[in-house]
Amino acid sequence: MILQRWCYFIPAIGGKRKKDFAQTTSACLSFIQEALLKHQWQQAAEYMYSYFQTLEDSDSYKRQAAPEIIWKLGSEILFYHPKSNMETFNTFADRMKNIGVMNYLKISLQHALYLLHHGMLKDAKRNLSEAETWRHGENTSSRGILINLIQAYKGLLQYYTWSKKKMELSKLDKDDYAYNAVAQDVFNHSWKTSANISALIKIPGVWDPFVKSYVEMLEFYGDRDGAQEVLTNYAYDEKFPSNPNAHIYLYNFLKRQKAPRSKMISVLKILYQIVPSHKLMLEFHTLLRKSEKEEHRKLGLEVLFGVLDFAGCTKNITAWKYLAKYLKKTLMGNHLVWVQDEWNSRKNWWPSFHFSYFWAKSDWKEDTALACEKAFVAGLLLGKGCRYFRYILKQDHQILGKKIKRMKRSVKKYSIVNPRL
């Protein structure tokens, strides 16, 4: 089998053998890439077998670059090839680690992730431990980050063990003779995990699973100040890339700690700027709506319009309910200008996007409750002449009949196209 021959065909750098195919290595690389794009794994494997000769290229630059290219292409092929197996992948990975020491750490980390994907936690941990102690080559900044990453993934494995031990501990009574032993075991694993993860999350980057694991342990042991400091740094440190999840983690933490509303609003305000359609925006609206500050209540209206600007939210009945209710409340409170500020930038595209005759028929057929909420919003914004509003008004529905009548009266009284306003 061609995959098995791979593992014994990789020569040591500097070895000699005859080139047994006509195409150049660059052409061969193109064929491999094309086969990968088409998911032709067997064909890619056959080309790959020939591409190994680049390890003996006379051009030193190409020869040095070859191991990483071969590893990336080869691991991709072996991951998806229907006849590939664990033994073949492991043998290939072990051989590639030792061809050019520059790639040892990177390949070890990716090999460990492959093992994790297949549920081989012990093998993955052993692989990471071996890589952690690798001392060959120069100490560069990129090497340092790789070491930190390897240690952090090792920490994640320890976190997994800690989680299982914590679950085991929760099932024991404190008077149980085994409680103290399990509690000590849980503590030992948390210490190891913390030591392995803490260094990585101080380096600018996106470290979501590591941060979540570390914070969970800090909270478990009552170090809420430490947990908040980690999350605050992760969300606000300008050296770190913009990351919506960082603000989500901080908000959820503050929510668990029952922090003041103002703190939660300040966190969600940043998330709103990054992802205005996020599901937490409805919670953000609720916090703003309850605020005593007028600027917050005005922002609460802006947030609802912002959510419904996105196609993925057009069927969100909660968002429409909130908007229908809040529009009426805003207009009753003599804040017509707030509504006009939001509507002026949308009046040329929202009618066809949300309130067409087609959507009226479709929404009524799929979800009458959604259709009623949208019709009320349409009536308030476009008046009683809106086709969506008129279509829903004409429908005969025994349960929703009274609601539709109340909606008709409210639109007549509060619609922004009503000259009495």
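This is a predicted model: local features need pLDDT of at least 70, side-chain atom pairs count only at pLDDT 80 or more; totals for chains, interfaces and linings use all residues.
**Entry 1: K258.** Where does K258 lie? I found K258 in the loop between α12 (244–256) and α13 (261–274). Then I looked up its backbone: K258 is not a glycine, yet its phi is positive, at about 55°.

**Entry 2: N334.** I went on to another residue with a positive phi. N334 has a phi near 65°, and this residue is other than glycine too. I traced N334 to the loop between α16 (317–332) and α17 (336–343). Is N334 buried or exposed? N334 counts as exposed because its relative accessibility is 69%, and the class asks for over 50%.

**Entry 3: the second largest pocket.** Next I turned to the open spaces and picked the second largest pocket. I wrote down a volume of about 210 Å³ for this pocket. Which residues line the second largest pocket? I listed S198, I201, K202, V211, Y214, E229, V230, N233, Y234, D237 and F240. Two elements, α10 (208–220) and α11 (224–236), each give two or more residues to this lining. I checked which element gives the largest share, and that is α11, with four residues. Sorting the lining by class, I got six nonpolar, two polar and three charged residues. Tyr counts as nonpolar in this sorting, so Y214 and Y234 of the lining go with that class.

**Entry 4: the cavity.** How many cavities of 30 Å³ or more does the structure hold? I found one. The largest cavity has about 30 Å³ of space in it. Around the largest cavity I listed T314, K315, F353, H354, W359, D363 and K374 as lining residues. The elements giving two or more residues to that lining are α18 (350–354) and α19 (357–366). By class, I counted two nonpolar, two polar and three charged residues around the largest cavity.

Technical notes: Residues are numbered from 1 along each chain as its sequence is written. Side-chain values use heavy atoms; hydrogens and water are left out. On a 1 Å grid over the protein atoms alone, a cavity is a set of points where a 1.4 Å probe fits but cannot get out, and a pocket is an open set with protein on both sides within 12 Å along at least five of seven lines; lining residues have an atom within 4 Å of a point. Grid points are joined across faces, edges and corners, and a volume is the space filled by probe spheres set on the points. Buried means under 20% relative accessible area, exposed over 50%, partly exposed in between (1.4 Å probe, protein chains only).
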